Amino acid sequence: MIFLKTEEEIELMRAANLLVAKTLAEVGKAVRPGVSTAQLDRLAEEFIRDHGAEPTFKGFPNPYGGPFPGSICTSVNDVVVHGVPSEDTILREGDIISVDCGTLLNGYNGDSCYTFQVGEVSSEVRQLLATTKEALYLGIQAAVPGQRVGDISYAVQTHCEAAGYGIVREFVGHGIGREMHEDPQVPNFGRRGQGKQLKNGLCIAIEPMITMGTHQVYMDDDRWTIHTQDHRPAAHFEHTIAIHHGKADILSSFEEIEKYEAAR
Ligand code: MG
Ligand code: MG
């Protein structure tokens, strides 16, 4: 069932998503060689709680095992999604790390993800990140009333496949609101004109998960961490958007992150 949001609800969603944006920016500033993903997790949890919200991912139930132990997902290099923060995972020069963050603020959810570079990254990897981010914005451009979910999927897929990258099938974008995962599903692959029609009031998270090599993935023994089958790197960028006033309104933001990335 799809829950369309009122203008008031969209503003509550914006507040939750702007807190996610600020949290990601704080985490990004701390990303450097030598830092552990557990340190980043502690920083995120404290920041979210200091702002009166809950880290939605903490304790998130798992159909395959125990609840998620962290407040953010920290997915390094060949980890596509759901990387578990750990004292033993130390970032090194040339790594990439996708930080996925969710907050629950005043009853509404925010959800956004950004893939950060650790120091100098190879041009091949930089290209993967750039293409994945471009695909996210192409997906958002396609998210207008009257279009269908498949138009978003098609925009993401064609852009990434044209560059020779893989599109992860097992994990998809989603509706979002009072629950972090609501209907409809928003896959990163699909056909134009297919799927649910987009309407004013629909809030969705669009989140391309794109691999440099094969799109095949597997789950680690920890029952959370998802790796690429060939251990080549993967990128993940996610915005939560509201469709209203006839267009897509991005509720999360990369503005602060991009400001300091450009200044580096
Ligand atoms: Mg997310
Ligand atoms: Mg999401």
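This is a predicted model: local features need pLDDT of at least 70, side-chain atom pairs count only at pLDDT 80 or more; totals for chains, interfaces and linings use all residues.

Trainee: Which residues of the largest nonpolar core touch the most other members?

Mentor: A nonpolar core is a set of buried Ala, Val, Leu, Ile, Met, Phe, Trp, Tyr and Cys residues joined through side-chain atoms within 4.5 Å. Buried means under 20% relative accessible area, with a 1.4 Å probe and protein chains only. Here the largest core has 56 residues, and Leu 40 and Ile 97 touch the most other members. Helix H1 (residues 7–30) gives the largest share of this core, seven residues. Helices (H or I, at least four residues) and strands (E, at least two) are DSSP runs, numbered from the N terminus.

Trainee: Which residues does Leu 40 touch?

Mentor: Contact means heavy atoms within 4.5 Å. Leaving aside residues up to four places away in sequence, Leu 40 touches Val 27, Ala 30, Val 31, Val 35, Ile 72, Leu 91 and Ile 97.

Trainee: In which sense do S4 and S5 pair?

Mentor: Two strands pair if DSSP finds at least two bridges between them. Strand S4 (residues 96–105) and S5 pair in the antiparallel sense over 10 bridges; Val 99 has Tyr 114 of S5 as its bridge partner. Two residues lie between the strands of this hairpin, where Asn 106 takes a positive phi near 50°. Strand S5 (residues 108–117) is mostly covered, with nine of its 10 residues buried.

Trainee: At what angle do H3 and H4 pack?

Mentor: Axes are lines fitted to C-alpha atoms, for helices over the stretch in contact, and angles run from 0 to 180 degrees between N-to-C directions. Helix H3 (residues 123–141) and helix H4 (residues 149–162) pack at about 155°, with their axes 8 Å apart. H3 is therefore roughly antiparallel to H4, a term for angles over 145 degrees. Among the contact residues are Thr 131 and Leu 138 of H3 and Ile 152 and His 159 of H4.

Trainee: What is the strand order in the open sheet of three strands?

Mentor: The order is S3-S12-S11, with antiparallel pairing. Strand S3 (79–81) and strand S11 (217–219) stand at the edges, each with a single partner strand, so one side of each lacks a neighbour in the sheet. Val 79 stands opposite His 227 in S12.

Methods:
Residues are numbered from 1 along each chain as its sequence is written. Chains are lettered from A and ligands numbered from 1 in the order in which they are written. Side-chain values use heavy atoms; hydrogens and water are left out. Buried means under 20% relative accessible area, exposed over 50%, partly exposed in between (1.4 Å probe, protein chains only). Angles under 35 degrees count as roughly parallel, over 145 as roughly antiparallel, 65 to 115 as roughly perpendicular and the rest as oblique.
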